[in-house]
Each structure stands twice: as structure tokens, then as C-alpha cells.
Amino acid sequence: MKSLDTSKTYLITGGAGFIGFFLSRALLEKGARVIAIDNMNDYYEVSLKEARLTILRDFPGYKFVRGDIGDKETVFGLFETHRPDIVVNLAAQAGVRYSIDNPDAYIQSNIVGFFNILEACRNFPVEHLVFASSSSVYGGNTKIPFSTSDQVDKPVSLYAATKKSNELMAYAYSRLYRIPLTGLRFFTVYGPMGRPDMAYFKFARKIMKGEPIQIYNHGDMRRDFTYIDDIVTGVENILCNPPAFDENQAAYKIYNIGNNKPEKLMDYISVLEKCLGKEARKEYLPMQPGDVYETYADVSELMKDYGFKPSTTIEEGLSRFAEWFLSYYGE
């Protein structure tokens with residue numbers, strides 16, 4: 001396994017996003033050059049994205065471009081100017097429930113945007129394209145833990161369908177144009193400076209305001225919560241280790257990155273309450289469209305190839321989140 005090569009130029013799309021920020025910072029701290037692009041949309045508070053960028057702009061090796069990967073001319077201009085060696089596509093319209101209300105945004109960003117990145121990698125060859133998929137692709141699968149060898153052709157949301165489409169597009173481009181590609185199925189990523197649309201973040205806000213939190217399926221759900229530092233370590237390990245070409249002339253690999261330990265939703269809420277020092281008022285509701293009962297990552301492939309698996313406990317991870325949250329919002 002090759003270690004991170006700091007002489008390379010890394011392009012990170014969705015660079016002002018949660019994972020994009022932490023990955024950029026980790027690479028910059030090691031001395032790498034990072035080019036980032038983000039359209040700074042208002043799906044959640046732009047001020048949080050700006051706060052992340054303020055930290056990154058202090059690094060001399062950092063360049064930020066405000067732009068949309070849905071615009072092909074912008075993407076090609078970025079590649080032509082900066083000639084990245086390794087690309088990490090994290091830009092996407094996120095959120096399962098939002099995809100029911102605003103499907104157009106998902107097609108434009110997740111399908112058209114990813115197509116533009118693939119086309120740019122074809123026209124301006126790169127050593128490796130790593131892209132974000134999602135545990136959502138497993139849909140209503142009942143076999144657990146979820147393995148990358150499982151069939152994933154029954155999505156329960158448009159968001160999941162776009163992520164599965166990305167995987168299929170990536171495979172085709174790898175085979176047709178000899179582009180080494182790795183897809184990463186992330187499992188419920190959380191941590192400081194995270195996404196305010198995620199449940200744990202919404203819970204924290206409502207708990208501190210004394211408002212009731214909405215708990216779906218009456219609390220009977222399990223999630224494989226993965227702390228942001230573990231996600232970043234997993235991605236870093238993979239960046240300079242593109243897959244080899246196989247007998248089908250494709251250099252393509254998919255990994256799960258999850259904690260390999262599903263937690264009961266009510267236990268997660270209990271830990272969050274402890275970390276915030278305040279009990280939540282609770283409102284129990286039925287399962288929402290697009291939701292699944294359980295996520296559980298089989299990370300054996302990640303272990304086999306990189307000797308790594310996420311291991312941060314929810315007690316440790318939520319404690320760090322709560323400390324940041326109380327400080328940032330002045331609670």
C-alpha cells in the first residue's frame with residue numbers, strides 16, 4: 001500500500017462540504033496541494049460552509065473555486081487550468097427525504113455533475129478518481145451486514161438511485177477509457193462542523209432550544225454511525241492506491257466505510273443528551289418514505305486491502321460534536 005503522495009495535486013469537489021472540508025484540511029496539513037470547488041448552495045446554512053473555508057484559506061497550498069460541477073464548461077476549465085493528479089468527487093445533492101421534495105436538484109448535481117467529472121477525467125487524464133457513493137444504495141436489503149457483493153438494484157429513494165447510477169457510470173468509464181475509479185459507500189457520517197440537515201444535528205438544536213425532537217418509526221431504528229475522522233483516514237488510505245485493471249479491462253473498486261457496528265437510535269439519542277447535558281422532549285412518529293430500518297457495513301474488503309476499519313465510539317464522537325456545537329452556537 002502506497003502512502004499519501006504530497007507532491008500530487010488533489011481536486012476535491014464539494015470542497016466546502018462536511019467531508020470535503022475535513023479531507024482538504026488533512027491533506028493540506030500534510031503539505032499537499034488542494035484545489036476545491038463548491039457551488040455554496042443554500043441547502044443548509046451557507047455561513048457554516050464559509051466558516052469551513054475560512055480555516056482552509058490559511059493554508060498556502062489551497063485554492064478554492066466557487067462553481068457548479070453541473071456546468072461542463074466550469075469543470076473543464078478547472079481541469080485544464082489545474083491539471084489535478086487525483087480527483088475526489090464529493091459534490092452531490094445530499095439527503096434522502098429532500099430528494100422526494102426536490103428531485104431536479106439530484107439529477108442536476110448527482111447525475112449531470114458526475115458525468116461532467118467523468119468526461120473531464122477522460123479528456124484530462126488523472127491517476128485516480130475517487131467518488132462518494134452511499135449506504136443508501138442498499139435500499140431495503142434485509143441481509144446484514146451490507147456487503148459490496150450484495151445486489152443493490154432496489155433503491156427506496158431517488159437519492160439512492162442517483163448514487164447507484166454513479167457507480168454504474170463509473171464502471172463504464174473505467175472500462176471504456178481506462179480511468180482508475182474507486183467508489184466509497186459512506187455510512188451515516190457525523191462529527192463537528194457536520195451537516196445541519198442530519199438527524200443528530202437537528203436533535204442537538206432542538207434539545208438546546210427545549211423543542212421536541214421527531215423520532216421516526218417510534219425509535220425502532222438502527223444506524224451504523226461513522227465518525228468523520230474515520231472517514232477521512234479511510235479516504236486518505238485509498239487516494240494513492242488506485243485499483244488494478246482486471247480481466248474486463250476495468251480498474252474499479254467499491255468499498256464500504258462504516259463503523260461495522262449498528263447502534264440503536266434511542267441509545268444514540270441518550271448519548272447525545274448526556275453530551276449536551278440536557279434531556280430531549282420526544283415526539284414519536286411512523287417511518288418516513290425513503291427511510292430504512294437498519295444500516296450495517298461489512299468492511300472486510302477495507303480491512304483486507306488497507307488493514308483499517310473505523311473504530312470511534314459514539315460516546316467519543318458525540319462528545320467531540322457536542323463540544324464544538326455548544327461553542328459554535330454559543331449555547
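Q: Which helix holds F321?

A: Helices (H or I, at least four residues) and strands (E, at least two) are DSSP runs, numbered from the N terminus. F321 sits in helix 11, residues 314–328. This is a predicted model, in which local features need pLDDT of at least 70, side-chain atom pairs count only at pLDDT 80 or more, and totals for chains, interfaces and linings use all residues. Residues are numbered from 1 along each chain as its sequence is written, and side-chain values use heavy atoms, with hydrogens and water left out.

Q: Is F321 buried or exposed?

A: Buried means under 20% relative accessible area, exposed over 50%, partly exposed in between (1.4 Å probe, protein chains only). F321 has 0% relative accessibility, so it counts as buried.

Q: What does F321 touch?

A: Contact means heavy atoms within 4.5 Å. Leaving out residues up to four places away in sequence, F321 touches G191, P192, Y200, F201, A204 and L272.

Q: Where is R185, and what does its side chain join?

A: R185 is in strand 6, residues 181–186. R185 counts as buried because its relative accessible area is 3%. A polar contact is a pair of N or O atoms within 3.5 Å; within protein, one must be able to donate a hydrogen and the other to accept it, and residues adjacent in sequence count only if both atoms are side-chain atoms. The side chains of R185 and E167 make one of 2.7 Å.

Q: Which backbone angles deserve a look?

A: Most residues other than glycine have a negative phi, and most peptide bonds are trans. M193 has a positive phi, near 60°. M193 lies in the loop between strand 7 (189–190) and helix 7 (199–209). With a relative accessible area of 9%, M193 is buried. N217 also has a positive phi, near 50°. Its loop runs between strand 8 (212–215) and strand 9 (222–223).

Q: Where is the cis peptide bond?

A: It joins I144 and P145, with omega about -5°. P145 is in the loop between strand 5 (128–134) and helix 6 (158–177).

Q: How many helices and strands does the chain have, and how compact is the chain?

A: The chain has 11 helices and 13 strands. Its radius of gyration is 19 Å, close to the 20 Å that the globule rule gives for 331 residues, so the chain is as compact as a globular protein of that length. The radius is taken over C-alpha atoms; the rule is 2.2 Å times the number of residues to the power 0.38. Of the 331 residues, 54% count as buried.
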